[in-house]
Amino acid sequence: MTLIADLTEVLGPAHVLTGTDRAGHIGDWTGKYTADPVAVVRPANTAEVAACLRIVASHGVAVVPISGRTGLVGGAMTRGGLMISVERMNKIREIRPEARIAVVEAGVILDRLHAAAEAEGLYFPLWFGARGSAMIGGVLSTNAGGSNVLRYGSTRALCLGLEVVLADGQVLNLMSELHKDNSGYDLRNLFIGAEGTLGIITAAVMKLVPRPKAYATATLAARSLPDALVLLNRLREATGGAVEAFEYMPESYMRRLAEARPDIRQPFTPRQAVNILVEIGATAPRDAVPNAAGEVPVTLLLQEVLAEMMEEGAVLDAEIAQSEGQRRAMWERRELAAEITFARTPAIDTDVALPVDKVDAFLRRMAARLPLLDPGAEDLCVAHLGDGNVHYTVFPTLDDAGLYDRVVEAVEDEVQALRGSFSAEHGVGLSKRASMARRKDPVALAVMRSVKAALDPDNRMNPGKIIPDLT
Ligand SMILES: Cc1cc2nc3c(=O)[nH]c(=O)nc-3n(C[C@H](O)[C@H](O)[C@H](O)COP(=O)(O)OP(=O)(O)OC[C@H]3O[C@@H](n4cnc5c(N)ncnc54)[C@H](O)[C@@H]3O)c2cc1C
């Protein structure tokens with residue numbers, strides 16, 4: 001029998017998409033890549049995923065797992081392979097508030113988990129612009145970060161257990177609900193961030209946290225990035241570590257935002273060089289419940305620290321959200337970053353991690369270096385400053401592959417010199433394969449090859465991603 005006939009027998013014709021029926025699954029959010037899979041299949045459960053993988057193995061075809069397809073590095077791409085979408089595996093199987101866990105299937109959209117946790121008075125603290133489309137399988141496979149990493153860590157820190165279907169169709173049950181389990185190698189963490197190259201994640205046990213009962217949110221102008229870091233550390237100490245987000249938007253970002261969305265109010269006139277969006281989440285009633293005058297203690301605390309730093313000249317101006325509407329408006333400015341970055345072509349987008357106190361040095365070095373590479377180029381930066389993750393984009397004057405490589409290598413040089421990473425939260429996919437070859441420690445790459453060979457000896461799971469020389 002043919003591959004398609006075998007798959008159809010297991011899944012039914014409605015869930016084996018070929019030809020034009022694949023259209024809704026083959027593009028990617030950045031518009032840079034288009035997949036051409038032999039088919040897109042939509043299994044309903046783990047057993048069907050396992051059956052698909054066994055069929056694929058017998059036909060010697062490659063497999064690319066897909067979830068919400070919001071990835072920004074071309075990870076969910078194939079030419080001629082089979083795409084396995086987990087979109088129908090979308091049950092929230094269980095929420096246990098006392099244990100602070102949610103047992104979910106891989107196709108659950110992030111926002112649905114947010115709503116389900118909220119209904120229990122809890123919070124699932126993975127938060128970023130694509131939360132309305134990204135799914136649990138995808139966020140685990142990219143170890144997604146977002147705005148709250150400062151307080152809660154990346155997806156890896158939020159996961160207790162996993163179920164994974166391996167290349168040969170075996171189901172690996174790691175659905176632990178335990179916070180401690182030192183029984184051998186940490187297999188769970190091997191699959192998190194593996195971008196579908198080692199197996200297909202079908203379900204997970206995720207941690208929930210207390211839901212902040214009040215937020216204190218402000219947009220402020222700092223005198224410099226080092227001053228902004230002083231503010232961050234003071235707020236962390238004053239709040240006992242309750243700063244949830246600390247986002248940096250330089251003047252150039254605010255200018256582009258004004259051009260793209262003139263309807264959105266700018267925080268400061270004239271525009272300021274260092275704009276920070278800060279948010280503190282208060283879970284304890286003593287910080288969250290308004291006093292007799294209607295003032296929320298956590299907001300008063302933020303006001304106090306900002307006033308102190310204004311007195312010192314380190315904070316130049318600030319506005320504090322007085323309502324949920326104002327808070328949402330502040331976040332809208334920040335969350336338009338991906339749209340603004342990818343709206344213009346040609347663009348050279350990067351996603352780098354630096355020690356938090358080296359972000360300023362990195363940006364200064366690039367400001368000096370970029371004009372030497374392309375005198376007319378413009379840059380755009382936005383950063384999760386609280387965890388050192390900088391999205392640095394260059395708009396070159398020419399759409400030229402050589403120039404593209406020179407700019408990326410310059411970014412990598414500076415990042416490496418400052419002991420950072422060329423890949424912070426989006427993953428490697430297709431777009432950072434060359435960087436893996438150039439910058440990853442050769443011994444680490446050799447270990448990765450061994451792991452890959454042990455779990456996927458025929459190189460069928462999302463080939464060509466992560467490990468640069470395996471196509
Ligand atoms: C507007 C916007 C804002 C964003 N902001 C952020 C941000 O702040 N922080 C951040 O980290 N990312 C951000 N991203 C990137 C993106 O949302 C994340 O990478 C997300 O984790 C991808 O999830 P997904 O469900 O869309 O996965 P997909 O794009 O479908 O897949 C991503 C990768 O995971 C693999 N994969 C998918 N499902 C599975 C599975 N079940 N098992 C094994 N492998 C699988 C795919 O093969 C692919 O390699 C943003 C994207 C957009 C469009």
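**Exercise 1.** Describe how helix H8 packs against helix H11.

Solution. Helix H8 covers residues 225-239 and helix H11 residues 297-311; the two pack at an angle of about 145°, and their axes are 11 Å apart. Helices here are DSSP runs (H or I, at least four residues; strands are E, at least two), numbered from the N terminus. Axes are lines fitted to C-alpha atoms, for helices over the stretch in contact, with angles from 0 to 180 degrees between N-to-C directions. The crossing of H8 and H11 is right-handed, a term for a near helix turned clockwise from the far one by less than a right angle.

The next step is the contact, meaning heavy atoms within 4.5 Å. H8 contributes Asp-227, Val-230, Leu-231, Arg-234, Leu-235, Ala-238 and Thr-239, and H11 contributes Leu-301, Leu-302, Val-305, Leu-306, Glu-308 and Met-309. By class, nine of these residues are nonpolar, one is polar and three are charged (nonpolar: Ala, Val, Leu, Ile, Met, Phe, Trp, Tyr, Cys and Pro; charged: Asp, Glu, Lys and Arg; polar: the others, Gly among them).

The model is predicted: local features need pLDDT of at least 70, side-chain atom pairs count only at pLDDT 80 or more, and totals for chains, interfaces and linings use all residues. Residues are numbered from 1 along each chain as its sequence is written, and side-chain values use heavy atoms, with hydrogens and water left out.

**Exercise 2.** Describe the packing of H1 and H3.

Solution. H1 (residues 3-11) packs on H3 (residues 46-59) at an angle of about 165°, with axes 10 Å apart. H1 is therefore roughly antiparallel to H3 (a term for angles over 145 degrees). Their crossing is right-handed. In H1, Leu-3, Asp-6, Leu-7, Val-10 and Leu-11 meet Glu-48, Ala-51, Cys-52, Ile-55, Val-56 and His-59 of H3. This contact has eight nonpolar, one polar and two charged residues.

**Exercise 3.** Which residues are closest to the ligand?

Solution. Of the 35 residues that surround the ligand, the closest are Pro-65, Ser-67, Gly-68, Thr-70 and Thr-142 (a residue counts if one of its heavy atoms lies within 4 Å). A side-chain N or O atom of Thr-70 is 2.7 Å from a ligand oxygen atom. A polar backbone atom of Met-135 is 2.8 Å from an oxygen atom of the ligand.

**Exercise 4.** Where does Pro-270 lie, and which residue is joined to it by a cis peptide bond?

Solution. Pro-270 lies in the loop between helix H9 (251-260) and strand E14 (274-282). Thr-269 is joined to Pro-270 by the cis bond, with omega about -5°.

Methods
Angles under 35 degrees count as roughly parallel, over 145 as roughly antiparallel, 65 to 115 as roughly perpendicular and the rest as oblique. A polar contact is a pair of N or O atoms within 3.5 Å; within protein, one must be able to donate a hydrogen and the other to accept it, and residues adjacent in sequence count only if both atoms are side-chain atoms.
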